[in-house]
Every structure is written in structure tokens, then in C-alpha cells.
Amino acid sequence: MLVPVLLIVVGFMLLINGADFLVDGSSNIAKKFHIPEIIIGLTIVSIGTSMPELFVSVISALEGYSDMSLGNVIGSNLCNLLLILGLSTVIKPIKFQRQTRLIEIPMCLAITILFTIFCNTEGTITRLEAGILIALFVAFIGYTIYMGIKGEKLNNKEEVSESTEGNSKRVSSFFKDIFLVVIGIAALKIGGDLTVDNALIVARHFSISEKIIGLTIVAMGTSLPELVTSVIAAIKGNSDIVIGNIIGSNIFNILFIVGVASLIKPITYNYTYNMQLSILVLSTIILLVFPLIPPRNRMSKANGSVYLVMYMAYLFILLKV
């Protein structure tokens with residue numbers, strides 16, 4: 001039993017250091033190339049931290065475990081919003097950018113509602129619906145690229161041109177930051193696997209029920225990279241990376257992961273997940289409302305506490321059902 005415990009410790013160390021590398025590298029890239037941090041959070045960070053969900057859902061779809069494939073995505077999205085965003089905001093309040101309030105959060109809500117509709121039409125996500133999800137994912141990536149270019153042009157107007165020596169140093173530093181991002185993502189993947197796999201061994205050794213394991217270790221396990229990355233970003237004051245990571249991960253989970261998994265093999269939907277989907281839609285609507293109430297355009301510690309209480313209530317309901 002000592003070995004699994006030690007491996008859990010190693011896993012957490014990899015998660016913390018991996019998140020540190022990913023946040024530093026991605027934040028530096030954003031600053032060097034005048035790309036808004038929210039765009040980096042929506043793309044590089046969110047996709048990188050969603051790799052565990054991708055592997056779990058695609059493999060589950062290939063092996064015919066529809067419940068595992070969809071449950072992983074729905075549970076991870078709930079964990080991202082209620083637990084991770086809630087905890088990150090309690091650590092440090094988040095300021096919403098205008099485009100986040102007006103475009104990205106409504107976009108996330110619309111995608112979540114569309115996903116709910118697809119799940120409840122004939123109880124299957126068909127290949128046609130999968131194609132629609134993937135097409136929307138391509139459009140989302142196109143949007144983020146457009147916003148990145150727009151942000152760069154806007155910043156370039158305000159800056160004088162750099163010298164050749166400065167450009168050379170910037171290129172060299174850029175490759176260093178790319179290396180940090182890659183190492184960070186790899187460390188998050190390995191650390192997440194070590195933590196989840198060995199936590200399961202410890203839990204079973206102490207005869208903890210499969211239901212409790214599923215609701216805690218497995219459900220939150222694939223969200224560990226998002227959790228650690230968002231908390232580290234919050235501590236460092238990179239609020240745009242926090243909100244971008246959460247919104248980007250939720251969009252990526254639905255559009256790309258469910259899209260790819262359903263394209264490989266149409267996924268049968270279990271209607272008992274409607275409760276979780278309803279809570280997910282409600283939670284996203286609440287996120288849309290947060291910037292409209294005092295303190296305006298910010299998610300306060302009180303708002304974060306609301307999310308944490310909602311997550312605890314959600315777990316309590318699941319345990320009672």
C-alpha cells in the first residue's frame with residue numbers, strides 16, 4: 001500500500017509542476033505575441049488540460065461503454081464550472097472581459113443546450129449530430145484564431161517596432177515557452193493518470209464503495225489538470241487563463257470529444273443523465289448572470305462560494321439517489 005500512496009504524491013507533484021509550466025509558458029506566449037490571455041486559455045490551455053477526458057471518452061466509445069463516454073464529459077463539465085471555477089474564484093476574484101461576457105459564455109450555453117437536445121432526440125447521438133458538433137468545433141477554433149489576430153493587431157498599433165536583436169531574443173524565448181507548454185501538458189497527463197489509478201487502488205483497499213469512487217475519484221480525476229492549472233493561474237493572477245480554461249474545456253469536451261467519440265460509434269444516451277445536464281445548463285446560465293450583478297463584470301468570492309455550495313449539493317443529491 002506504500003507504493004500507491006507514494007505514486008499519488010508523485011502524481012500531485014507532476015500536476016502542480018506541470019500546471020506551473022503550462023501557465024507560465026502560455027502566459028509568456030500571449031504577452032510576446034500580443035495574443036489576449038483569454039484566447040490562450042480557450043485554446044492551448046483548455047485543449048491541453050482536456051486530454052484525459054479525450055482519452056477516456058474515445059476509448060470508452062470504442063469499447064461500447066456509452067455511459068462512461070458521456071458521463072465523463074457531463075461530470076467533467078460540471079466539475080469544471082462548479083468546483084474548479086468556484087474554487088479559483090474564492091482564491092482570487094475573476095474579471096470578465098467584454099468578449100467573454102458577450103460572446104464566449106453565451107456560446108458555451110448555446111452549445112450545452114444543443115448537446116442536451118441531441119442527447120434527448122431518440123436517445124442517441126448519431127454520426128450526423130457528431131458531424132455538426134465537429135463542424136461547430138472548427139468554427140470555434142476559427143473564432144479564437146480571428147480574435148487572436150485581432151488582439152495582436154490592436155496591440156501592435158500601440159507599440160514601436162523592435163530591433164533585430166530583440167526579435168532574435170523573442171524567437172529564442174518563444175521556443176523555450178513552447179517547450180514549457182509541451183512539458184506542462186505531458187506532466188499533467190502523467191500526473192493525472194498516476195493520481196487517479198493509485199487513488200482507486202487505495203480506495204478499494206479500504207473497501208470504499210464503487211459508487212463513492214465513481215462520484216469522487218473517477219468523476220474528478222479527469223478534471224485534475226483543469227483544477228490544478230486554474231488554481232495556479234488564479235494564484236498568479238492570470239484570471240483570463242482561468243476563465244478561458246474553464247469555458248474552453250467545456251466547449252472542447254462537448255464539441256470535439258463527444259463529436260469524435262460519436263463519429264467513431266454512435267453513442268446511446270442514458271436518460272438518467274438528464275438531472276446532471278439540467279444542473280449543467282443551470283450552472284452555465286448562472287455564469288451568464290454573474291457579470292450582470294454587483295460587483296459588475298466580476299466573479300466575486302461570494303459568487304465562487306455559490307458554485308462550491310452547488311457542487312456539494314449536487315454530490316449530496318447523487319449520493320441519495
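**Reading the model, feature by feature**

Reply: Let us begin with a single residue. Leaving out residues up to four places away in sequence, T89 touches I94, M299, S300, K301 and G304. T89 is found in helix α4, which covers residues 66-91. Please keep in mind throughout that this is a predicted model.

Me: Is T89 buried or exposed?

Reply: A residue counts as buried when its relative accessible area is under 20%. T89 has a relative accessible area of 0%, and therefore T89 is buried.

Me: What share of the protein chain is made up of buried residues?

Reply: Of the 321 residues in the protein chain, 50% are buried. The chain holds 12 helices and 4 strands. Its contacts can also be described by separation in sequence: among those between residues at least 6 apart, 86% join residues at least 24 apart.

Me: How many residues are in the largest nonpolar core, and which have the most contacts inside it?

Reply: The largest nonpolar core has 75 residues, and those with the most contacts inside it are L85, F115, L287, M299 and Y307. Helix α10, residues 239-264, supplies the largest share of this core, namely 13 residues.

Me: Which residues are in contact with Y307, leaving aside its neighbours within four places in sequence?

Reply: Y307 is in contact with L81, L82, L85, G86, S283, I286, L287, F290 and M299. Consider also V306, which has its place in helix α12, residues 301-320. V306 and L82 are 224 residues apart along the chain, yet their C-alpha atoms are separated by 8.4 Å. V306 has a relative accessible area of 39%, so it is partly exposed.

Me: How should I read the packing of helix α9 and α10?

Reply: Two packed helices are described by the angle between their axes and the distance between the axes. Here, helix α9 (residues 224-235) and α10 pack at an angle of about 160°, and their axes are 8 Å apart. An angle over 145 degrees counts as roughly antiparallel, and therefore α9 is roughly antiparallel to α10.

Me: Which residues make the contact of α9 with α10?

Reply: From α9 they are E226, T229, S230, A233 and A234, and from α10 they are I241, V242, N245, I246 and S249.

Me: Why is the pair of Y269 and Y271 edge-to-face?

Reply: Planes over 60 degrees apart count as edge-to-face. The planes of Y269 and Y271 stand at 85°, with the ring centres 5.6 Å apart, so this pair is edge-to-face. Y269 is buried, with a relative accessible area of 4%, whereas Y271 is partly exposed, at 43%. Ring pairs can also join into a cluster, as they do for F137, F252 and F256.

Me: What should I look for in the backbone itself?

Reply: Most residues other than glycine have a negative phi, and most peptide bonds are trans. Against that background, a cis peptide bond joins P294 and P295, with omega of about -5°. P295 lies in the loop between α11 (274-289) and β4 (298-299).

Me: What is the phi of E122 and of N297?

Reply: E122, a residue other than glycine, has a positive phi near 65°. This residue lies in the loop between α5 (98-119) and β2 (124-125), and it counts as exposed because its relative accessibility is 75%. N297 is not a glycine either, and its phi is positive at about 65°. N297 has its place in the loop between α11 and β4. Its relative accessible area is 28%, so N297 is partly exposed.

Key:
Residues are numbered from 1 along each chain as its sequence is written. This is a predicted model: local features need pLDDT of at least 70, side-chain atom pairs count only at pLDDT 80 or more; totals for chains, interfaces and linings use all residues. Side-chain values use heavy atoms; hydrogens and water are left out. A nonpolar core is a set of buried Ala, Val, Leu, Ile, Met, Phe, Trp, Tyr and Cys residues joined through side-chain atoms within 4.5 Å. Buried means under 20% relative accessible area, exposed over 50%, partly exposed in between (1.4 Å probe, protein chains only). Helices (H or I, at least four residues) and strands (E, at least two) are DSSP runs, numbered from the N terminus. Contact means heavy atoms within 4.5 Å. Axes are lines fitted to C-alpha atoms, for helices over the stretch in contact, and angles run from 0 to 180 degrees between N-to-C directions. Angles under 35 degrees count as roughly parallel, over 145 as roughly antiparallel, 65 to 115 as roughly perpendicular and the rest as oblique. Rings of Phe, Tyr and Trp (its six-membered ring) pair if their centres lie within 6.5 Å; planes under 30 degrees apart count as stacked, over 60 as edge-to-face and the rest as tilted.
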